[in-house]
Amino acid sequence: MKKIIATMDFTLRGKKFTKGKEVKVNSKEELVKLNERGFIEPFSFAEIQEFRKEKNKKESDK
């Protein structure tokens, strides 16, 4: 899975992220929102789908 890297400084869920640092997202919706607004390095549709599949797999492994 491609790392989610901030392209600018921003705040998400009360936590500050700085440009160039890795961002931890909780859901596909958060990933899409950050991607659409340009806060993270661009993700393609296929990469977003892969993120969703990996997230579901991790939850089912618990």
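## A guided tour, starting at a salt bridge

Select glutamate 47 and lysine 2: these two form a salt bridge, and their closest N and O atoms are 3.7 Å apart. The pair joins distant parts of the chain, with glutamate 47 in helix H2 and lysine 2 in the segment before E1, 45 residues apart. Colour both by accessibility and you will find glutamate 47 partly exposed, at a relative accessible area of 24%, and lysine 2 partly exposed as well, at 32%. Keep in mind as you go that this is a predicted model.

How many salt bridges does the structure hold? There are three, so let us visit the others.

Next, select glutamate 30 and arginine 13. Their salt bridge has its closest N and O atoms 2.8 Å apart. Glutamate 30 sits in helix H1 and arginine 13 in the loop between E1 and strand E2 (15-17), so this pair ties together parts that are 17 residues apart in sequence. Is glutamate 30 buried or exposed? Glutamate 30 is buried, with a relative accessible area of 16%, which puts it under the 20% cut-off.

Now move to glutamate 22 and lysine 24, whose side chains meet in a salt bridge at 3.8 Å, N to O. Here glutamate 22 is partly exposed, with a relative accessible area of 36%, while lysine 24 is exposed at 55%. In general, side chains of opposite charge can pair when their charged atoms come close.

Time to look inside. Select Ile4, Phe10, Val23, Val25, Leu31, Leu34 and Ile40: within the largest nonpolar core, which has 13 residues, these touch the most other members. Strand E1 (10-12), helix H1 (28-37) and helix H2 (45-61) each give two or more residues to this core. Nonpolar side chains tend to be buried together in soluble globular proteins.

Which residues does valine 23 touch? Leaving aside residues up to four places away in sequence, its contacts are Ile4, Ile5, Ala6, Phe10, Leu12, Phe17, Leu34 and Ile40.

For the last stop, show the surface and look for the largest pocket, which holds about 320 Å³ of space. Its lining is made of 14 residues, and Met1, Ile4, Val25, Phe51 and Lys58 lie nearest the centre. Colour the lining by class to see five nonpolar and nine charged residues, with no polar ones.

Notes: Residues are numbered from 1 along each chain as its sequence is written. This is a predicted model: local features need pLDDT of at least 70, side-chain atom pairs count only at pLDDT 80 or more; totals for chains, interfaces and linings use all residues. Side-chain values use heavy atoms; hydrogens and water are left out. A nonpolar core is a set of buried Ala, Val, Leu, Ile, Met, Phe, Trp, Tyr and Cys residues joined through side-chain atoms within 4.5 Å. Buried means under 20% relative accessible area, exposed over 50%, partly exposed in between (1.4 Å probe, protein chains only). Helices (H or I, at least four residues) and strands (E, at least two) are DSSP runs, numbered from the N terminus. Contact means heavy atoms within 4.5 Å. On a 1 Å grid over the protein atoms alone, a cavity is a set of points where a 1.4 Å probe fits but cannot get out, and a pocket is an open set with protein on both sides within 12 Å along at least five of seven lines; lining residues have an atom within 4 Å of a point. Grid points are joined across faces, edges and corners, and a volume is the space filled by probe spheres set on the points. Ala, Val, Leu, Ile, Met, Phe, Trp, Tyr, Cys and Pro count as nonpolar, Asp, Glu, Lys and Arg as charged, and the others, Gly among them, as polar. A salt bridge is a side-chain nitrogen of Lys or Arg within 4 Å of a carboxyl oxygen of Asp or Glu.
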